[in-house]
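Welcome, and please open the model in your viewer.

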Amino acid sequence: NHSPWYQLQEPRRALTRPLCRVWVKVLRCVLFLCQCVAARMASKLLDRLKRTLFKDGVATAELSGTEDFPESSELDDDTDCISSRLSGTLSFEGEKGLETEDPGEASDLDSDSDFLGESTENGMCSTDASPVGPPVSQSLLTRQLQDSWRSSRCRTVVEKLVFEVTDASVVQEGTSKYVLYTIHVIRSGAFDKTPAIITRRYTDFERLHGRLRRCYADEMEGVSFPRKKLRRNFVAETIAKRSRAFEQYLTHLHSLGELRRARIFLEFFYLGDLRMGQNLLRAGQYQEALGSLLNALRLQEKLSGQQQHHLQQPQRGHWFFTLSALAACFQELDQLEEAQENCERALQDLAPSQDTAHPKQFHPAFIPLLQANVRLSWKISKDKRRWEALLQEMRDSGVDIGNQPSLKEYLVKEVLEDSDGGSRHKAKEELA
């Protein structure tokens, strides 16, 4: 410490120490200021983002009438001016049923958006007073979003059918020329994984309209039908107008409770596919028959709203025939699990109750389905004791189990009648 070199360096060190302390304090101040600026900028960016998001959300909620399916809202909105848009080809006097079908859906969405928008504005005012640290309104906004999300989970979404013409093609068959419309039947309110498809021409819609007017004159009094034209039937403008008119026509019919449950209206959708599936099954084309039968099943499920046990004849018989035919086709294609599933699904409704004891009251397909289900359950190692016990009870009650047709024989011989009692022999001729 007493060396000459140390004595020379000591004054420099004495001067350097205060300077280092000053620089450290300056760096700390700069770092603090940077943190404040960053927090301030982050707060402003967050406020701008909230303002933009909620302003857009409220505008969107006010413009759109439905929350999940803009297609269905487009159909409802267009009913107000359908007569002017289609140049008088279709007019509805009972449009109020469509407009007031779901009164609470749009109001719930608007009330939630207004509630969140007010909280956002209050939050932006409180954020400006605190540039450093988390915004005061952030926790409030989070709680409000959570409450809104919980309420939306408890809210029930009203389901309804949407009819959409997705394709219209001109078909030439010899000297006959017509437009074939492809219509998707979709159940709104939830994601529909299995939309059903039908293809119809103008004469099919015209025939449906005539039958409905004869049987439901009062309900059809305010419904007009697109007029038939002598010229320009195949130009794009006419096809587009008729496509839109048919969408609105089916939507309006389905909005009326009496017509929605009408046998004529239901059979317009699924009976053609069901007959085609039976004809293909008779011809041994099981893979091709599955397509028609599955589409017929989807149509029946959508139109009945999953309430098949409330169906009346002949729709109830059509429902059981569809499940039985699917079981037979899956069995012929060695898809045993699918065959057994359709058998058991039909038997759940066909199984007689305790007060039904007379054999004549059983459905004709019950014993063939029961025997087929027992065999299929045995092949896939599934519990069959319930159905074996029921089969034994019927045998003990005097039913001749051994003299019953097989499931396939029953399906081939069964005649599918419509509401008018006709079997439509022309459906059999189409296959030939």
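**First stop: helix α15**

On the face of α15 turned away from its buried side, select the exposed residues Arg-385, Glu-393 and Asp-396. Exposed means over 50% relative accessible area, buried under 20%, and partly exposed in between, with a 1.4 Å probe and protein chains only. Before going on, note that this is a predicted model, where local features need pLDDT of at least 70, side-chain atom pairs count only at pLDDT 80 or more, and totals for chains, interfaces and linings use all residues. Residues are numbered from 1 along each chain as its sequence is written, and side-chain values use heavy atoms, leaving out hydrogens and water.

Now select all of α15, residues 385–396. Helices are DSSP runs of H or I with at least four residues, numbered from the N terminus. From first C-alpha to last, the twelve residues of α15 reach 16 Å, close to the 16 Å expected at 1.5 Å a residue; that expected span is 1.5 Å times one less than the number of residues.

Next, pick the buried residues of α15: Trp-387, Leu-390, Leu-391 and Met-394. Seen down the axis of α15, they fall within an arc of 100°, so they line one face of the helix. The arc is taken from the directions from the helix axis to the C-beta atoms. Show α13 (336–350) and α14 (366–379) as well, since the buried residues of α15 pack against them, with contact meaning heavy atoms within 4.5 Å. Just after α15, Gly-398 takes a positive phi of about 105°.

**Second stop: Leu-253**

Move to helix α8 (residues 236–255) and find Leu-253. Leu-253 counts as buried because its relative accessibility is 0%. Among the residues Leu-253 touches are Leu-208, Met-220 and Phe-265, not counting residues up to four places away in sequence.

Technical notes: Helix = DSSP H or I, 4+ residues; strand = E, 2+ residues; numbered from the N terminus.
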